[in-house]
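Try each task yourself before reading its solution.

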Amino acid sequence: MASSGIQLTGLVFAIIGMVGTLSATIMPHWRITAHIGSNIVTAIVYMKGLWWACAMFSTGIFQCETYNSVLELPPDLQAARSMMVISVAMALVGIVVSVVGMKCTVCAKDSPIKNKIAGAGGICFMLAGFMSLVPISWTMNEVIQYFRNPLIPGDLKYEIGESLYLGMVSSLCRLHERCRTTQI
């Protein structure tokens, strides 16, 4: 069984991962326009996320537009939305279950299943990490494939946005937490 310090460290990693995944889910910085070719100075930077598409003008104005209908969205975007929301929900469940199963809490004190409760919380974190890792990896692969496609004009190409990097690190934090809180 893991010590209280290791469990607390793992819980902190899991909370950081959950907040990072929530931020990555909400932010529109999944895809950002690429500055390719001779026109490096552009007046508008376009960004696309799970919930809206935004434009940032050189004047500092930031304008966002939500997607009109969920049913009109491509299936990969619908799947990414649902998987990211499920990931955040699983992480919240994992936090509650892990707190109950930790050695330093009085919940279920001296119960023979306290270790199993902590393990169940760790499994929730692991599932949450995988649930967010899949759409992030999908999107990164898609952005890279479109970027390398010579048939697509340079002004229609996107680069990997900050939300994808944040989501990747957050997913790995939660996957790392599973290894720290329970003994496999």
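**Exercise 1.** Which residues does the UniProt annotation "transmembrane region" cover?

*Ground rules.* We're on a predicted model, where local features need pLDDT of at least 70, side-chain atom pairs count only at pLDDT 80 or more, and totals for chains, interfaces and linings use all residues. Residues are numbered from 1 along each chain as its sequence is written, and side-chain values use heavy atoms, leaving out hydrogens and water.

*Solution.* The unreviewed UniProt entry lists 6–28, 40–62, 82–105 and 117–138; such annotations may be inferred rather than shown by experiment. Take residues 82–105: this stretch is 83% helix and 0% strand, with end C-alpha atoms 33 Å apart. Residues 117–138 come out at 100% helix and 0% strand, with ends 32 Å apart. (Helices are DSSP runs of H or I, at least four residues; strands are E, at least two.)

**Exercise 2.** Find the salt bridge (Lys or Arg side-chain nitrogen within 4 Å of an Asp or Glu carboxyl oxygen) and place its partners.

*Solution.* The count is one. Glu 142 and Arg 31 pair up at 2.8 Å, N to O. Glu 142 sits in helix H3 (residues 114–148) and Arg 31 in strand S1 (residues 31–33), 111 residues apart. Now check burial, using a 1.4 Å probe on protein chains only: under 20% relative accessible area is buried, over 50% exposed, in between partly exposed. Arg 31 has 16%, so it's buried; Glu 142 has 25%, so it's partly exposed.
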